Amino acid sequence: MIFEKILEEINNVVPISREEKEYLKSILKFKKLNKRDSLLHQEEVEDNYYYVLSGCLRSYINDKKGLEQVLQFSSKGWWIADNESIIYNQPAKFNIVADLDTEIFILSKKAKEESVKRFPKLELYYNESLIRSVIFLRNRLYEILSLSAEERYRNFCIMFPELKNSISQKHIASYIGITPEFFSAMKKKLKDKQTCVEEF
């Protein structure tokens, strides 16, 4: 059952009744994406939140040189959105694309707002998800400012063990803030040192 995971997750934060579960099923829109399918482009105004059931979504910006700078990966059980664009009705600052064949739920801004009016306790779950996202992005900033490339890669492998061998190495390199060439050399160095990268 495609709704099982997300309903269980919501119920762990705030107990929900059968009526509430059926209502949530009615407002969550299921969608399958192929690898490289886009959900959001920079400068578009966003109106949706995305929950990953399987696969992986990647958010990135195109810098002034036209290069992709990866901000975030969202794998199974994670929400992703441009919250600033949704809340303030402003153009999005980043893109969202599927890095793998991916299954998602889409929750529109309107549906979210109406669900809270009808069942106020759902706001506890939405806030919990937002806090989780804020903590993740704050930790990302800490990593970028404080940790070495090797340490950032180690943290990536710990957080996303299912992604390290399934998504583009170029995108992983961008996520940890180094060039693909440096990333390749770093991995070779780790192997030469007999460091088991697979344990990260």
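Predicted model: local features only at pLDDT ≥ 70, side-chain atom pairs only at ≥ 80, totals over all residues.
Residues are numbered from 1 along each chain as its sequence is written, and side-chain values use heavy atoms, with hydrogens and water left out.

**The cores**

Let's start inside. A nonpolar core here is a set of buried Ala, Val, Leu, Ile, Met, Phe, Trp, Tyr and Cys residues joined through side-chain atoms within 4.5 Å. Buried means under 20% relative accessible area, exposed means over 50%, and partly exposed is in between (1.4 Å probe, protein chains only). The largest nonpolar core has 24 residues, and those touching the most other members are Ile-6, Ile-10, Leu-24, Trp-79, Leu-107 and Tyr-125. At least two residues of this core come from each of α1 (4-13), α2 (18-27), β3 (48-54), β8 (102-108), α4 (109-118) and α5 (122-146). These helices (H or I, at least four residues) and strands (E, at least two) are DSSP runs, numbered from the N terminus. Apart from that core lies another one of 23 residues, including Trp-78, Phe-160, Ile-172 and Ala-173.

Trp-79 deserves a look of its own. Leaving aside residues up to four places away in sequence, its contacts include Ile-6, Tyr-51, Leu-107 and Tyr-125, with contact meaning heavy atoms within 4.5 Å.

**The strands**

Trp-79 also leads us to a sheet, as Tyr-51 stands opposite Trp-79 in β6. That open sheet has four strands in the order β1-β8-β3-β6, with antiparallel pairing. β1 and β6 (79-80) stand at the edges with a single partner strand each, so one side of each has no neighbour in the sheet. Two strands count as paired if DSSP finds at least two bridges between them, and β3 and β6 pair over two bridges.

Elsewhere, β4 (residues 57-62) and β5 (residues 68-74) run antiparallel, joined by six bridges. They form a hairpin with five residues between them, and Gly-66 in the turn has a positive phi of about 85 degrees. Four bridges also join β4 to β7 (residues 95-98), again antiparallel. Tyr-60 has Asn-95 in β7 as its bridge partner, while Arg-58 has Phe-73 in β5.

Most residues other than glycine have a negative phi. Arg-36, though not a glycine, has a positive phi of about 80 degrees, and it lies in the loop between β1 (29-33) and β2 (38-40). Glu-43 has a positive phi near 85 degrees and lies in the loop between β2 and β3. Arg-36 is exposed at 64% relative accessible area, and Glu-43 is exposed at 60%.

**Salt bridges**

A salt bridge needs a side-chain nitrogen of Lys or Arg within 4 Å of a carboxyl oxygen of Asp or Glu. By this rule there are six salt bridges, including these:

| Pair | Closest N and O atoms |
|---|---|
| Arg-118 and Glu-19 | 3.8 Å |
| Glu-20 and Lys-121 | 3.2 Å |
| Glu-22 and Lys-25 | 3.3 Å |

Arg-118 in helix α4 and Glu-19 in helix α2 are 99 residues apart. Glu-20 lies in helix α2 and Lys-121 in the loop between α4 and α5, so this pair ties together parts 101 residues apart in sequence. Glu-20 is buried, at 7% relative accessible area, whereas Lys-121 is partly exposed at 31%. Glu-22 and Lys-25 are three residues apart in helix α2, about one helical turn.
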